[in-house]
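Here are some exercises to work through with the model open beside you. Try each task before reading its solution.

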Amino acid sequence: MTEKFDAIVVGAGPAGVTAAYVMAKNRMNVVIIERGELPGSKNVIGGVLYVKTLNDMIPEFWKEAPLERNVIQHSYGLIGKNTHILVTYKGATRPEFPNGYTILRSKFDKWYAKKAQEAGAVLITKTNVTELLAQDGKIAGVKTDRGDLSANLVIVAEGANTMLCEKAGLMQKTRPDQMAIAVKEIISLPSDRIQERFGLGEGEGAAIHYIGALFKGLVGFGFLYTNRESLSVGFGAMISTMMKEQIKPYDLMEQFKEESSVKPFLRDGLVKEYQAHMIPEAGYRGMPKLFSDGVLVVGDSAMLANPVTGEGADLAILSGRMAGDVATKAHAMTDYTSRVLAPYQDDLLKSFAVRDMRKQSGLLHYIENDPDIMRAYPEALNNALTEWFRVDGATRTDKAKRIKTIIMSKRRLTKMMKDAYVIGRKLM
Amino acid sequence: MRLEEKLYLLRHVLDEESHIKVDQEACAKCTNRACLDVCPANVYSYVEPRVFVAYENCVECGTCRIACPFVEWINPKGGMGISYRYG
């Protein structure tokens, strides 16, 4: 292969495809290289695709994209020992102003890659990039298992496994306390059963995030999302805590599905697929340098994920767009050096998404140093409500006293004050 | 549902060559064997005196690579390995 491209994008996930889409729209000669059989073959979503960043680029994309359900209902599940609390927010049904959709990656990624192709990008699948090629001290192409390709610029969207970036010296291998492992199952259920169970209308979706006793010792949480005709159920936890507690992901998955706050939703459902994927949780502090001469890094590879909101795919799109814009400038100036590419990272740091990540710096480590936080509060609240609802001859005044005792017994007051201060400040 | 049954649902394009290598010398001396715990597809098993790698079950999350410095994990060849139908 001797053809030279303006830009090579490694990986046909949302980050890479967005960058390719922007560059192709700006008349650049772009190729996307994907190792899977098709775009999406290797990809897993662990949450909701929030529409904001994609809508900014392709207005009202939801009218054409293959999406699952418009998420209008968000819940927090607090798992106690034998009880649970489910707190549910239900938004107004306004399909014209969606906030987020559940998606299945095999469908969505295929559609999205097609958009980039329609804009003029070339897509090569079933091809694994094994190395970034340097020439005169700058990245100038890629080595694949089907030959070499050269380009003025390479955009790395290789996902959470950052082997290419590491090999090229752009970043260090991430540590177990910087990455989470998530496992998920797709459980099929008829559409009307899903809508009845979650109290949803046609096309409406629900998302539930769980914390509590089940995840004792782990910095992790469970989740449940509704697709059109299936549920996505699973959990994610920091790898360092999985190692420490020596918990096998699939064992915990089975326990989670047996929880009283989860099981009734899954009843009669059939497991269609079991999946696992890493989530970058290195956060703002762990974000590497995302540019060098002839190269930009986007999406999961750039450690863009927000454990609090569950954002990931939309941040990938945001970074892909910013990288595409900077690449377009570099192309116009025929200068692909760091000097021209550096504003990409500056723009990203100024974005709402990364400002959030910066604010949350250290949140996961704070919890990891005292994982009891994840158990104590859900348990205290569960026990408090058990007391509150049970009629046993005690007066309400007595019950209020008992509840105070319950809460104080789960965590020391000084610790609670510190938690409120530290966690509160990082979240708001 | 057992893990084996779940893994059976998955579609893989089998690469005849393993994309995972372990350092058996290091494995023999290893005390915690994180690979046995963290792998969601139970790719690793230990039968004295060595670690066995069922790479054909790998779902390519890469967790083992992060958890253990002695696992040499690379992507399977283009088009091979796991191919999710839902994702």
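Predicted model: local features only at pLDDT ≥ 70, side-chain atom pairs only at ≥ 80, totals over all residues.

Residues are numbered from 1 along each chain as its sequence is written, while chains are lettered from A and ligands numbered from 1 in the order in which they are written.

**Exercise 1.** Find the domains into which chain A is divided.

Solution. Step one: list the domains, whose bounds come from an automatic or database domain assignment. They are domain 1 (4-68 + 103-173 + 286-350), domain 2 (179-280) and domain 3 (363-427). Step two: take centres over C-alpha atoms; those of domain 1 and domain 3 of chain A are 44 Å apart.

**Exercise 2.** Describe the strand partners of E11 (179-188) in chain A.

Solution. Strands here are DSSP runs of at least two residues (E), numbered from the N terminus, and two of them pair if DSSP finds at least two bridges between them. First, E11(A) pairs with E15(A) in the antiparallel sense over 10 bridges, with A:Ile186 opposite A:Glu273. Next, nine bridges link E11(A) to the antiparallel E14(A) (residues 230-238), where A:Glu185 has A:Val233 as its bridge partner.

**Exercise 3.** Work out which element gives the most to the side of chain A that touches chain B.

Solution. Start with the contact (C-beta atoms, placed from the backbone, within 7 Å): 42 residues come from chain A and 30 from chain B. E15(A) gives the most to chain A's side, with eight residues.

Technical notes
Contact = placed C-beta atoms within 7 Å. Helix = DSSP H or I, 4+ residues; strand = E, 2+ residues; numbered from the N terminus.
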